[in-house]
Amino acid sequence: MKKKVIRVGFAGSGFAAKFHYEGLQGVRSAQPEIIGAYSKTPENLEKFTRSREITAFKSLEEMIESVDVVHVCTPPVTHEPIAIEVLKKQKHVIIEKPFTGYFGNGKEDFNGDSFPREEGLSKALESIRKLLEAEKASKGTILYAENWIYAPAVQKEREIIEKTGAQILWIQAQQGHSGSHSQDYGKWRLSGGGSLMGKGSHPLSAAIYLKHTEGRVRFGKPIHPKTISARTHALTRMPNFENQGHLRDSYTDIEDYAIIHIVFEDGTIADITASELVHGGVKNRVEVHANNHRSICNITPNDAMQTYNPVDENFSDIYVVEKTGTKEGWSNISPDEGWFNGYQHEMEAFYRSMAEGIPVESNSSLGADVIATIYAGYVSAEKGGIETPITILE
Ligand SMILES: NC(=O)c1ccc[n+]([C@@H]2O[C@H](COP(=O)([O-])OP(=O)(O)OC[C@H]3O[C@@H](n4cnc5c(N)ncnc54)[C@H](O)[C@@H]3O)[C@@H](O)[C@H]2O)c1
């Protein structure tokens, strides 16, 4: 059968645009035709597009006109306006995590440390509503690019839950590493928060997704998060932090550590940590304690391949694993990192959905639940961790 051709444009030409581009190379259920990209950094845009022989668009509008789907691989502050432009033109939009958020009053000197968190929550909910309404009014759909949903370990856990009718009692999950490379990350006005937003959105999405799945199997409707208790800290900004050069510490007004406790509608729980304080590569992990099984999903690191290397420089041109501090000694090499992270599976699912009209697992409803939970978490953290209700928008 002839595959459906889907014309692709990228908003952004940085880190995420590159792994989206790579992820598209393995798509089988449709034929992505990569047309071009648009970004705010002309030099990077030129590099990104020239080496891939695609068009460097001069404006977002021009790019949207030329494609069927836009991958939003730009800083979080831009997700809502770009996605709405795309949906208005009746095109599909793939939105990188985090879905959306609150980014202040638009002024350069906005300080993320001091704004009232209730205001952040209500503006973040407003942004979610705008996205959901724009999707309803459009022929296009929102595909929420949360790769953890498509990580093979998380999909295997979905299968276990579906086939055994498991009741999940408690989820423990974590993302941590030594600090984001993106210079836009670290300023609230661009990233909409710190570790809870940038890192926590991954394990939180997985936890909410698994409870949604359980609810659909057992009761015919998703189980939503109901309350959150959160604490956040900015340890690398403490005057007594002694930086020895292994952790990024250039954040201006965000937290670098967050711990959250979620209670779902059915009384079950999830405990999640997110931080910029972890040495030795990215730590991506979900552990599920159910009434009939326990699963540990080691997304990164895992022991698919372990290598001992006595001299760091011997591996100078060998990719080992994301954000490892050194290649000397024992390493958990990821032989196919994009596969373990779910990047390829995510693209396959999105393009199959666009070609065949079937719904995706990682959709706008999941993105909405995650952001509503995160900003309720910031309200809780402002009050020293008090249990705070989560607003569910549908
Ligand atoms: N799923 C994952 O594992 C993962 C990993 C990294 C980043 N991300 C997400 O991807 C998104 C981008 O992060 P990144 O690491 O690629 O950042 P980056 O800094 O590497 O790249 C951002 C790109 O966006 C462009 N840009 C900025 N403002 C723009 C605008 N208004 N219009 C068009 N282009 C604009 C910049 O020029 C740059 O090309 C973020 O939402 C981030 O959370 C996801």
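In which hand does H6 pass H9? I looked this up first, and found that H6 passes H9 in a right-handed crossing, where right-handed means that the near helix is turned clockwise from the far one by less than a right angle, and left-handed that it is turned anticlockwise.

I note that this is a predicted model, in which local features need pLDDT of at least 70 and side-chain atom pairs count only at pLDDT 80 or more, while totals for chains, interfaces and linings use all residues. Residues are numbered from 1 along each chain as its sequence is written.

**Helices H6 and H9**

I read that the axes of H6 (residues 152-164) and H9 come within 9 Å and cross at roughly 25°; axes are lines fitted to C-alpha atoms, for helices over the stretch in contact, and angles run from 0 to 180 degrees between N-to-C directions. H6 is therefore roughly parallel to H9, since angles under 35 degrees count as roughly parallel, over 145 as roughly antiparallel, 65 to 115 as roughly perpendicular and the rest as oblique. Helices (H or I, at least four residues) and strands (E, at least two) are DSSP runs, numbered from the N terminus.

I then listed the contact, in which Val154, Glu157, Arg158, Ile161 and Glu162 of H6 meet Ala206, Leu210, Thr213, Glu214 and Val217 of H9; residues are in contact if their C-beta atoms, placed from the backbone, lie within 7 Å.

**Helices H9 and H12**

I found that the axes of H9 (residues 201-219) and H12 (residues 364-382) come within 10 Å and cross at roughly 120°, and H9 and H12 are therefore oblique to each other. On the H9 side the contact includes Ser201, Leu204 and Tyr209, and on the H12 side it includes Leu366, Asp369 and Ile374.

**The sheet**

I traced seven strands in an open sheet of mixed pairing, in the order E12-E11-E7-E10-E9-E8-E15; two strands pair if DSSP finds at least two bridges between them. E12 and E15 (388-389) stand at the edges, each with a single partner strand, so one side of each has no neighbour in the sheet.

Val288 stands opposite Ser295 in E12.

Methods. Two residues are in contact if their C-beta atoms, placed from the backbone, lie within 7 Å.
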